[in-house]
Every structure is written in C-alpha cells, then in structure tokens.
Amino acid sequence: MHIDEIKNGLVLDHIKAGKAMEIYRFLDLGSLNCPVAIIQNASSRKMGKKDIIKIDGVLDIDCNILAPICPDITLNVIKDGVRVEKRALELPLEIKDIIKCKNPRCITTTEQELPHIFRLRKTKESIYRCLYCEARAEL
Amino acid sequence: MRSLIDILDLKTEEIDELIARADDIIEHPEAYRDICRYKKLATLFFEPSTRTRLSFEAAMYELGGQVLGFSEAASSSSAKGESVSDTVRAVSCYADIIAMRHPKEGAPLVASMAASIPVINAGDGGHNHPTQTLTDLLTIHRTKGHFDNLVVGLCGDLKFGRTVHSLITALSRYSGIKFVLISPEELRLPDYVKQDVLTEKGLDWEETTSLEDAMPKLDILYMTRVQRERFFNEEDYLRLRDSYILTPEKLQTAKKDLTIMHPLPRVNEISTAVDTDPRACYFQQVLFGKYIRMALILKLLEL
Ligand SMILES: [Zn+2]
C-alpha cells in the first residue's frame with residue numbers, strides 16, 4: 001500500500017506522538033482484514049511531532065470512543081480517493097468497558113461482572129464520572 | 001416503577017410533594033394506619049446501621065405494612081458470594097419495596113437496575129444517603145416553613161461529611177439560600193463541591209473558622225462530628241475539637257428562632273446542656289426522618 005493513496009478509508013491525524021500503538025490496540029485494528037499503516041513521529045506544524053494511522057478499506061469504525069483518551073485527533077474520511085470529511089472527534093456520552101473505575105470503594109471492585117460505565121458530565125472539561133460511584137475517570 | 005438512589009433523582013416539585021405528604025401524615029396519622037396493609041418492605045443491610053434500619057422499619061409498621069430482611073452482611077447471602085443483582089432479584093419475589101444499605105458505592109444503583117420493585121438507597125458507603133437529606137429538608141421545612149432566603153451554617157467536618165455535601169446540593173436548588181461554612185482549615189468543604197454546586201449555581205457563601213463569629217447570622221446551624229482519625233496528630237485534634245463543640249455559651253448571640261440540627265449519632269460536638277434549649281431540633285429530626293420515609297414509601301409504592 002502506498003500510504004498516501006487510500007481509496008476508501010480513514011486517516012486518524014494529529015495523534016499525540018507515541019500514542020499510535022495504544023490506539024491501534026484500543027480499536028483492535030489488528031483484527032481488521034485490511035491494510036493499516038502507522039506513521040510515528042511525523043513532523044507537525046501544530047504539534048511538533050505527531051502520529052498518524054491510515055486504514056484502507058474500512059469506513060465504519062466508531063472513532064469517537066478515542067476522544068476521551070486522545071482529544072486532539074482529527075478524523076479524515078476518504079471516499080474514492082477524495083477526502084470527503086475532516087472533523088474533530090466528538091466526546092461520546094457514555095464509555096463502556098474501556099477504562100476501569102479506580103475508586104477502591106466502588107461496587108465494581110467487588111462485583112467483577114458489572115460493566116464499567118462512565119458518563120460524560122462536563123463536556124467543556126471532558127469530565128467523565130463512574131455511573132456507580134461518580135468517581136472521576138482517570139483518562 | 002421508580003427508585004431513589006440519589007437526592008437529585010427527585011425534582012424539587014417531588015420533594016415539595018413528599019414534604020406535603022409527611023405534613024399530612026403528622027396531622028392525620030390515623031388515615032395512614034392501614035394504607036400499606038399486606039405490603040412488605042425488605043431491609044437489606046449489608047452493613048449495620050441500626051438507626052437508619054429502625055427508622056425504615058418503624059415507618060413501614062406505622063403504615064400498616066410488614067418488614068423482612070437482614071441487618072449485616074454476615075447473615076446474608078452475599079457472605080456466600082452472591083451478587084447484589086441476584087440477591088435483589090430473589091428479594092423482588094418476596095417484598096414490594098427494598099431499603100438497602102451497602103458499604104460499596106453504587107451498590108443500590110446496581111440493585112435498582114436488577115430489581116423488579118422500587119429500591120431506596122439507605123446509604124452506600126460515604127457516597128449517597130438521600131433519606132438523610134430528605135430528613136434534613138423536612139426538618140428545615142417544619143421549623144422554618146420554607147427554604148428560600150435562609151442563612152444555613154454548616155459546622156464541623158465539611159471535607160469528608162457527605163451528608164453536608166448532599167444537603168448543600170439539595171438546598172442549592174432553592175432561591176436566596178446563603179451558606180456559612182464553619183470548619184477548621186483542614187476540614188474545609190472540597191473545591192469540587194464549591195465549584196460544581198456553589199459557584200455553578202451562583203450561590204452566596206462564606207467560609208470561616210469561627211463558630212462564634214458566624215452564630216448571629218444563622219437561621220439554621222447544622223452540626224457534624226469532627227473525627228479524631230481525620231487529623232495527623234492528637235494535639236491538633238484536641239485543640240480544634242473544642243472550638244466546634246456547641247455549648248449554651250456559644251448560643252448566647254444566636255437568633256431566637258435558630259434551628260439546631262445534627263444527623264446523629266453525636267459524640268460530644270453538642271454539649272448535652274444544649275438539649276433542653278427550644279432551638280435544639282436534633283431529636284425531632286429523628287422523628288421527622290420516620291415521617292419522610294413513610295411519605296417516600298407511599299410515593300414509590302404509588303399509594
Ligand atoms: Zn466507580
């Protein structure tokens with residue numbers, strides 16, 4: 001794959017340098033049956049250094065779940081070789097089973113089958129709180 | 001079917017409704033004597049809290065209902081490793097409503113998601129205790145007749161005292177309330193409560209370390225316990241403790257119609273010499289706790 005020549009796919013730009021592999025694992029991109037390119041430490045006018053992930057052949061990945069952990073990402077949608085959309089990620093209202101509650105007094109520490117759910121409480125400061133104990137998520 | 005997990009689950013109109021119902025129960029107790037006949041309250045207390053459990057049980061008995069349950073985890077199925085969800089699913093088959101106390105934060109919410117009957121949070125660790133807050137609100141309303149434009153002094157441990165945080169949150173929805181936060185520096189109200197509640201709602205508040213200075217302004221004085229284990233050393237504790245003990249001397253400059261409250265149990269933060277002062281309302285508060293729980297049970301059972 002020539003990394004600049006995506007036909008139909010997604011480009012995650014402005015990933016904080018060093019975070020690409022974490023995001024790769026997070027989105028479970030290894031399980032996709034399509035080419036994925038990771039560019040690390042690319043130079044960026046805005047960020048100094050940045051990582052980029054290019055995914056060729058898949059459009060329906062919910063990238064918004066990355067917003068709480070890597071809010072600077074820009075998502076580019078490529079169709080027929082043309083960029084049709086460029087946007088910042090939106091904070092999801094709820095994140096489920098992505099991070100765990102770290103409050104030792106939370107019910108999720110003793111009942112392990114419970115889903116770990118955090119809800120967006122303050123959009124401006126991207127504050128998420130545990131559904132059960134309201135502890136603030138450490139992102 | 002509804003549950004009460006957090007005081008903010010209730011709109012202010014619903015709180016007004018509960019208070020009106022409690023007032024009616026106080027005035028016409030005979031009209032409520034049989035209203036919960038054949039209904040059962042399950043008190044699931046995964047940690048002991050005799051005071052709260054007795055209040056719920058007395059409330060249900062006074063409505064003509066019955067009570068079943070357990071008062072500590074050792075005698076419950078959770079000791080055998082059963083999940084909260086499974087326990088309440090089973091209890092839903094026996095009872096009509098649950099009052100649940102649990103040491104883990106969020107356990108009553110988990111219960112309410114699994115149960116097919118209403119769940120009342122009777123305290124989850126240091127997290128929520130909405131019936132305590134309802135008790136406090138009824139006490140204020142019974143003694144003052146309204147919530148608006150009151151000067152509310154909160155004294156003692158404002159840092160760890162969750163009853164205080166949730167009372168502030170509940171009162172912040174009324175207009176013209178002013179808070180006077182009285183505590184040692186070490187036990188001041190946390191910044192997130194100040195920011196999320198006081199600043200966000202544009203409320204008037206002040207902070208002081210002196211109970212004496214604050215006294216003349218107050219309409220309500222809510223005392224809490226200053227616990228030894230919150231201090232690094234015994235010396236600080238002993239020095240500070242005494243400045244937050246309420247005595248008849250400190251009350252000399254107080255308003256004639258001050259309402260003195262305390263969530264109980266008290267240790268020594270209110271001198272027993274204050275008990276006979278007509279402004280002392282903390283034992284009445286216990287009685288109001290039963291009435292507001294009666295009103296709540298009726299609301300959740302839609303009776
Ligand atoms: Zn939690």
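Predicted model: local features only at pLDDT ≥ 70, side-chain atom pairs only at ≥ 80, totals over all residues.
Helix axes are lines fitted to C-alpha atoms over the stretch in contact, and the angles between them run from 0 to 180 degrees between N-to-C directions. Two packed helices are described by the angle between their axes and the distance between the axes.

In chain B, the axes of helix 2 (residues 50–62) and helix 10 (residues 282–300) come within 8 Å and cross at roughly 60 degrees. Helix 2 and helix 10 of chain B are therefore oblique to each other, and helix 2 passes helix 10 in a right-handed crossing. On the side of helix 2 of chain B, the contact involves B:Thr52, B:Ser55, B:Phe56, B:Ala58, B:Ala59, B:Met60 and B:Glu62, which meet B:Gly289, B:Lys290, B:Arg293, B:Met294 and B:Ile297 of helix 10 of chain B. By class, this contact of helix 2 with helix 10 of chain B has six nonpolar, three polar and three charged residues. The loop between strand 9 (259–261) and helix 10 of chain B holds B:Pro265, and the peptide bond from B:Leu264 to B:Pro265 is cis, with omega near 0 degrees.

Helix 5 (residues 130–144) of chain B packs with helix 6 of chain B at an angle of about 55 degrees, the axes being 9 Å apart. This pair, helix 5 and helix 6 of chain B, is therefore oblique, and helix 5 passes helix 6 of chain B in a right-handed crossing. Helix 5 of chain B contributes B:Gln132, B:Thr133, B:Asp136, B:Leu137 and B:Ile140 to the contact, and helix 6 of chain B contributes B:Thr163, B:Ser166, B:Leu167, B:Ala170 and B:Leu171. The residues of this contact between helix 5 and helix 6 of chain B divide into five nonpolar, four polar and one charged.

For helix 6 of chain B and helix 7 (residues 191–199) of chain B, the packing angle is about 15 degrees and the axes are 10 Å apart. Helix 6 and helix 7 of chain B are therefore roughly parallel to each other, and their crossing is left-handed. Here B:Arg162, B:His165, B:Ile168 and B:Thr169 of helix 6 of chain B meet B:Tyr192, B:Val193, B:Val197 and B:Leu198 of helix 7 of chain B. The contact of helix 6 with helix 7 of chain B comprises five nonpolar residues, two polar and one charged.

Turning to chain A, one helix and eight strands are found, in the order β-α-β-β-β-β-β-β-β along the sequence. The C-alpha atoms of chain A fill a box of roughly 50 × 35 × 25 Å along the principal axes. In strand 1 (residues 9–16) of chain A sits A:His14, a residue with a positive phi of about 60 degrees although it is not a glycine. Most residues other than glycine have a negative phi, and most peptide bonds are trans.

The zinc ion has A:Cys101 (SG), A:Cys106 (SG), A:Cys130 (SG) and A:Cys133 (SG) as its protein donors, lying 2.3 Å from it. The four donor atoms subtend angles of 100 to 114 degrees around the zinc ion, which makes the arrangement tetrahedral. In sequence, the donor residues of the zinc ion follow the spacing C-x4-C-x23-C-x2-C. Distant parts of the chain are linked by A:Cys101, in the loop between strand 6 (94–96) and strand 7 (117–122) of chain A, and A:Cys133, in the segment after strand 8 (127–130) of chain A, 32 residues apart.

Notes
Residues numbered from 1 in each chain as written. Chains lettered and ligands numbered in written order. Heavy atoms only, no water. Helix = DSSP H or I, 4+ residues; strand = E, 2+ residues; numbered from the N terminus. Parallel < 35°, antiparallel > 145°, perpendicular 65-115°, else oblique. Left-handed = near helix turned anticlockwise from the far one by under 90°. Contact = heavy atoms within 4.5 Å. Nonpolar A, V, L, I, M, F, W, Y, C, P; charged D, E, K, R; others polar. Donors = N, O, S within 2.8 Å, 3.2 Å for Na, K, Ca; no water. Tetrahedral: all angles 85-135°; square planar, octahedral: opposite > 155°, others 65-115°.
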